[in-house]
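Have the viewer open as you read.

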Amino acid sequence: MHQLTPDDCVSVGSLLPYTALALIREIGAEAACALLNARAGVTFVVPMSATGNVFGAARWVNLAALIGDEAMATLAAKRGGQPLSVPVCKTARDELRARKIRAEYDRLTAGGLSGRQAVYEICLCFSPITSRAVEMICSRGDQNPERQQELPL
């Protein structure tokens, strides 16, 4: 799975779910990306403090190590005691992967490989993926939906 960066969030911001955008606004892009990468698809109750029950305190320490003390305090102030479902951001991650595949295809064919040879090499690098999927990805351009989001980075 592609690891999201703050720059990725800008380039595919319109493909991020609103829950990811809310996290970015609340705790900042760096901390949000750390959480999106490490806990994608996981739902947990946000601890209210570092000194709560034993499970909440352990979760606080774990999350603070991941996103930083300041971001953890902000997250607790805004969402403490509430369940948080960390989005997977599949559409955005798929688009970032497709962009890498298209860039690699362009690089390989510019370097003298035929299209078929380039697809073969890409399949080896991006496995598991089918040749047909690579061909389909390379035949279309970047996704740039009309819905644009302003990200506070």
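Predicted model: local features only at pLDDT ≥ 70, side-chain atom pairs only at ≥ 80, totals over all residues.

Which residues have the most contacts inside the largest nonpolar core?

The largest nonpolar core holds 31 residues, and the ones with the most contacts inside it are Leu-16, Leu-23, Ile-27, Leu-35, Ile-67, Met-72 and Leu-84. Two or more residues each come from H2, H3 (29-38), H4 (54-67), H5 and H6 (90-110). H3 gives the largest share, at six residues.

Leu-23 is a handy one to click on. Skipping its neighbours within four places in sequence, Leu-23 touches Gly-28, Ala-32, Leu-35, Leu-36, Leu-75, Leu-84 and Pro-87. There's also a second, separate core of 11 residues, with Ala-98, Leu-108, Ile-122 and Ile-137 among them.

## Where H2 meets H5

The axes of H2 (residues 18-27) and H5 (residues 69-79) come within 9 Å and cross at roughly 115°. That crossing is right-handed.

On the H2 side, the contact uses Ala-22, Leu-23, Glu-26 and Ile-27; H5 answers with Ala-71, Thr-74, Leu-75, Lys-78 and Arg-79. By type, that's five nonpolar, one polar and three charged.

## Along H6

H6 runs for 21 residues and covers 30 Å from first C-alpha to last, close to the 30 Å expected at 1.5 Å a residue. Its buried residues include Ala-92, Leu-96, Ala-98, Ile-101 and Leu-108, but also charged-type names such as Arg-93, Glu-95, Arg-99, Arg-102 and Glu-104.

The buried residues of H6 pack against H1 (6-11), H3, H7 (115-125) and H8 (131-138). Just after H6, Gly-112 takes a positive phi of about 110°.

How values were computed: Residues numbered from 1 in each chain as written. Heavy atoms only, no water. Axes fitted to C-alpha atoms, helices over the stretch in contact; angles between N-to-C directions. Helix = DSSP H or I, 4+ residues; strand = E, 2+ residues; numbered from the N terminus. Left-handed = near helix turned anticlockwise from the far one by under 90°. Contact = heavy atoms within 4.5 Å. Core = buried A, V, L, I, M, F, W, Y, C linked by side-chain atoms within 4.5 Å. Buried < 20%, exposed > 50% of the residue type's maximum accessible area, 1.4 Å probe, protein only. Expected span 1.5 Å × (residues − 1).
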